[in-house]
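Me: I have a multi-chain model open and want to talk through its geometry. Can we take it piece by piece?

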Amino acid sequence: MKIKIFFFITYLLFITSGYSSENQTKLLEIYKNLRCLVCQGQSIADSNSDFAVTMKLVVQDQLKEGKTEAEIYRFLTSKYGEWIVYQPTFSKNNFLLWILPYTALIFGAIIIFILVRKTKHNKVN
Amino acid sequence: MKISISKIIIFSLVIFFLFVFWQGLKINNNYDTKGLIGNRISNFQLNKINNSNQYISEEDLKKNTYTLINFFASWCSPCRKEHKYLLSLSNESKQIKIIGINFKDKKNNAMNFLKELGNPYDFVGEDLDGKISILFGIYGIPESILVDSDLIVIKKIVGPIDQVQYNKILKLTQ
Amino acid sequence: MLSNIGISLVILILILSFLIIYTASLDLKISGQAIKKNIYKLSLFQTTFTVLSFFTLIIGFINSDFSLINVYENSHTTKPFFYKIAGTWGNHEGSLLLWVNILVIFSYLFLVFSHTHEKKFRLYTVIFQNILILGFLIFLLLNSNPFNSIYPIPHEGLGLNPILQDPALAIHPPLLYVGFVGCSIYFSAAMASLLSNYGGKSFAQSIKNWVKISWCFQTLGIIVGSIWAYYELGWGGFWFWDPVENASLLPWFAITALMHSLIVLEKRNTLYYWVIILCLSTFILSVIGTFLVRSGILNSVHTFASDPSRGIYILIFLSLMIFSALIIFFSKHKKENYSFNLKSKETFILANNWFMAFFLVTVLIGMLYPIFLDVLTNEKISVGPPFFNIVIIPLVVPFMVLMAIGPKFSWIKSQKKIFNKILLLALGAIIINLLIIYLFGKYSLLSNLIFITAIFLILHSFLDIKKFISKKNKTELPRIISHLGFGLLVFFIGINHQFSLEEDFNLKVGEIKKINNYKINFEEIKTKESKNYKAIIGNFKLTNLEKNLVQYLNPEIRVYSDPETLTYEAAIKTKITSDLYLTMSNVSRSDYYNIKFQKKPFMIWIWISALMIAVGGFIRLTLKKNED
């Protein structure tokens with residue numbers, strides 16, 4: 001059984017080793033993660049506003065210069081604040097945001113575990 | 001109903017949530033970057049509007065006690081309204097030097113605008129595609145940034161400068 | 001005059017609600033099985049007046065009676081007839097009246113169809129439902145009255161947003177409200193069940209159909225909203241984790257969990273208190289959703305015009321609801337005995353609830369966190385699609401595995417034969433996934449898992465269909481179709497995400513752009529004058545270089561005059577194999593146009609699979625009682 005699992009995992013790693021993202025999809029990914037500051041809840045990918053147009057140019061330039069996605073977000077956050085990026089960072093302020101859902105998941109798992117164990121316990125008795 | 005820890009926790013949580021909802025109704029939803037002060041502006045090169053061989057950069061601004069960087073355009077009507085305050089500032093205050101950045105505009109229109117309303121700027125730069133505005137954290141015009149001699153942003157004015165803002169600028173730069 | 005009729009009717013409904021609560025409370029003390037005939041009559045009158053009040057408002061819209069502020073603010077004489085009617089519920093006050101209608105109608109229908117159940121339980125349900133009705137009526141009268149009048153009467157209305165003049169968007173609110181508001185009835189029933197000690201299998205049977213109905217309509221409402229967003233909003237997406245979308249998703253998770261848990265409560269007479277918690281939570285979530293959307297506390301593309309005073313009223317109502325539910329629940333809660341065999345169907349249903357709770361908590365936290373952070377620390381952050389996708393999508397993988405194998409297990413215990421079949425299908429899924437990689441290209445580990453588990457679920461469902469055709473046990477069919485729909489939905493969304501072609505670029509008239517095997521020729525710009533807008537139409541020649549096919553796409557920029565708005569109409573060509581999507585917008589003070597081009601494989605199958613999920617639910621509703 002363990003051998004089957006080992007082969008399965010190796011297989012998965014093999015088929016994914018060739019995964020790469022092209023530049024254009026990276027560009028669009030970044031567009032979708034940046035908020036249009038003058039719109040009501042749209043990313044710069046979806047917005048047609050002047051501000052969005054300018055932002056897209058800046059992101060294109062920075063990508064061409066070789067900046068990474070994280071560097072671009074850091075640059076824009078320093079100018080406009082964290083509100084401009086849709087993916088919240090994992091910072092002192094935000095770690096609760098990321099931790100709480102998984103806490104709930106584990107909490108639920110514990111409850112189910114207790115319920116099933118109580119049954120086994122009752123059955124044994 | 002028996003009182004137990006879990007019940008107290010649940011009731012407290014509910015009260016907390018409702019309290020935050022209530023407070024949430026009072027907060028201002030519109031986002032602005034007015035609070036983003038304290039950063040240093042950096043790494044830029046501004047080409048002069050009618051002579052692209054001339055330019056200024058951060059080094060030049062360090063020579064000033066205070067610099068007010070104002071983004072404007074000939075097609076922007078609130079820019080017309082705030083212009084008189086800019087002229088006032090350039091006359092009244094010896095501490096402040098004013099830099100104008102012409103945003104997504106045509107040179108001729110910009111020069112006519114200044115000829116008509118007066119030129120308060122010590123230097124007029126151009127930002128044809130808007131990319132320079134992003135360097136300064138601008139997202140609409142008119143917008144102005146006040147920096148000190150260390151190039152630290154001490155005030156951001158989003159929208160046209162009015163009497164209140166004008167007074168505040170003078171107070172900050174005394 | 002309509003204003004007076006409308007307000008009088010609302011006051012009548014208010015009085016009737018008081019009367020129903022009073023008479024029902026008195027009848028509680030009388031023993032026996034039959035509810036006093038008076039209460040039926042009062043409820044019928046209440047329903048009649050409520051429906052009449054809604055018709056009054058509709059007539060106001062049809063006649064463009066601008067003496068009603070609501071009609072003045074939301075309609076226009078030149079609006080097409082169908083959209084005048086839809087305008088009735090396309091605004092805050094009108095939609096509130098629709099809420100009241102559904103609350104009242106469901107109250108009466110419950111009364112009529114629950115006659116096999118215990119009297120005290122039914123009476124309490126009607127009482128609580130009418131307390132909810134009262135709450136909404138008071139809110140309506142004091143703050144959001146659709147029948148308020150204006151004098152002098154304006155001769156033209158302010159018109160409705162042209163984006164909202166769309167058939168899908170017209171039916172989206174009513175569908176969604178039957179879901180959202182329909183769950184009020186089992187909120188009331190849950191409170192009633194606690195107070196009258198009417199639990200177990202009978203309680204499950206009393207609310208079963210209501211849960212199914214609200215689930216079906218909620219599902220359908222969400223799907224229609226997504227279809228509208230795709231065809232009308234011009235960004236080629238159909239789900240943006242926008243606060244309003246999330247607000248409709250929260251009750252959906254709860255109702256799905258409830259629907260599954262009800263099966264356990266009915267068959268095994270256990271999980272009663274969990275079912276009660278779900279019943280109470282669902283309507284509470286609906287009201288929280290309404291609060292977040294209508295109070296202006298959130299920033300969204302969809303929000304109604306916001307008004308903090310509405311927020312205060314809804315918050316007070318919400319607080320009263322939550323506290324009374326908590327107090328009654330805690331005072332009536334008793335210890336329950338649980339016995340869950342690990343390899344039995346009920347444990348899998350528990351697992352379903354576990355995942356639903358996780359998805360619900362994630363979406364709720366994502367929505368509320370920015371508000372909490374802002375109130376407590378004055379910092380503003382955005383929580384958008386990346387957060388929700390990163391947290392939720394990986395968990396969909398084990399969820400689909402459980403969806404596939406869960407139904408195979410029988411109640412209490414099960415056999416070993418099942419495992420061999422499961423392994424075989426898993427192998428089949430992996431092979432098909434390898435085939436996709438071979439034919440179309442590699443992708444990330446997560447995508448692999450998504451495809452494998454989705455195919456796994458689909459294969460299981462196909463096998464179940466084969467079994468259904470030979471054995472003809474109707475009870476399984478709804479579940480097979482809905483689960484199959486879900487598997488297909490995830491599969492096609494995965495395909496779309498992986499293999500879509502998407503480009504964002506600027507082009508001038510006469511220029512050509514080449515993308516992969518497509519050539520886009522921006523041939524010309526035409527203008528067109530229509531009844532209430534002026535359109536700038538782009539003519540794009542799209543050549544598929546591989547297949548040498550030529551198509552023309554005509555996106556539009558529309559300038560409306562009343563009210564002054566700008567909309568972007570995408571050019572969409574839908575085929576069975578893929579959608580071609582093109583939007584055009586002008587770049588200010590420039591000759592350039594910003595073009596977004598997308599090729600989305602199997603897009604229409606996303607809608608078909610989603611609708612399958614709803615269809616399964618509707619089939620279940622039509623099954624006869626003994627077949628369920």
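**Chain A and its neighbours**

Reply: In chain A, residues 24 or more positions apart account for 38% of the contacts with a separation of 6 or more. Keep in mind that this is a predicted model.

Me: What does the secondary structure of chain A come to?

Reply: Chain A has five helices and zero strands. From the N terminus on, the order is α-α-α-α-α.

Me: And how much of chain A is buried?

Reply: Buried residues are 27% of the 125 residues in chain A.

Me: OK, chain C against chain A. How many residues are in contact?

Reply: There are 45 residues of chain C in contact with 40 residues of chain A.

Me: Which element of chain C gives the largest share of that side?

Reply: Helix 13 of chain C, with 11 residues. Helix 13 spans 345–377, and at least two residues each come from helix 13, helix 14 (385–405), helix 16 (445–471) and strand 1 (501–507) of chain C.

Me: How does that side divide by class?

Reply: The side of chain C that touches chain A has 24 nonpolar, 14 polar and seven charged residues.

Me: Changing topic: what domains is chain C divided into?

Reply: Domain 1 covers 1–165, domain 2 covers 399–500 + 620–627, and domain 3 covers 503–604.

Me: How far apart are domain 2 and domain 3 of chain C?

Reply: Their C-alpha centres lie 38 Å apart. Five residues of domain 2 of chain C are in contact with six residues of domain 3 of chain C. On the domain 2 side, the residues in that contact are three nonpolar, two polar and no charged.

Me: Now helix packing. At what angle do helix 7 and helix 9 of chain C pack?

Reply: Helix 7 (residues 167–180) and helix 9 (residues 200–232) of chain C pack at about 150°, and their axes are 7 Å apart. Angles over 145 degrees count as roughly antiparallel, so helix 7 of chain C is roughly antiparallel to helix 9 of chain C.

Me: Is the crossing left-handed or right-handed?

Reply: The crossing of helix 7 and helix 9 of chain C is left-handed.

Me: Which residues make the contact?

Reply: From helix 7 of chain C, the residues include C:Leu169, C:Leu175 and C:Phe180. From helix 9 of chain C, they include C:Phe217, C:Val224 and C:Trp228. By class, this contact has 12 nonpolar, six polar and no charged residues.

Me: What about phi of C:Asn197?

Reply: Phi of C:Asn197 is near 55°, a positive value in a residue other than glycine. C:Asn197 lies in the loop between helix 8 (184–196) and helix 9 of chain C. C:Asn516 has a positive phi of about 50° and is not a glycine. C:Asn516 is in the loop between strand 2 (512–515) and strand 3 (518–529) of chain C.

Me: Is C:Asn516 buried or exposed?

Reply: C:Asn516 has 12 other C-beta atoms within 10 Å, so C:Asn516 is exposed.

Me: And why is C:Asn197 partly exposed?

Reply: Because C:Asn197 has 13 other C-beta atoms within 10 Å, and the exposed class stops at 12 or fewer.

Technical notes:
Residues are numbered from 1 along each chain as its sequence is written. Chains are lettered from A and ligands numbered from 1 in the order in which they are written. This is a predicted model: local features need pLDDT of at least 70, side-chain atom pairs count only at pLDDT 80 or more; totals for chains, interfaces and linings use all residues. Domain bounds come from an automatic or database domain assignment. Two residues are in contact if their C-beta atoms, placed from the backbone, lie within 7 Å. Ala, Val, Leu, Ile, Met, Phe, Trp, Tyr, Cys and Pro count as nonpolar, Asp, Glu, Lys and Arg as charged, and the others, Gly among them, as polar. Axes are lines fitted to C-alpha atoms, for helices over the stretch in contact, and angles run from 0 to 180 degrees between N-to-C directions. Helices (H or I, at least four residues) and strands (E, at least two) are DSSP runs, numbered from the N terminus. Angles under 35 degrees count as roughly parallel, over 145 as roughly antiparallel, 65 to 115 as roughly perpendicular and the rest as oblique. A crossing is left-handed if the near helix is turned anticlockwise from the far one by less than a right angle, and right-handed if clockwise. A residue is buried if 20 or more other C-beta atoms lie within 10 Å of its own, exposed if 12 or fewer, and partly exposed in between; C-beta atoms are placed from the backbone.
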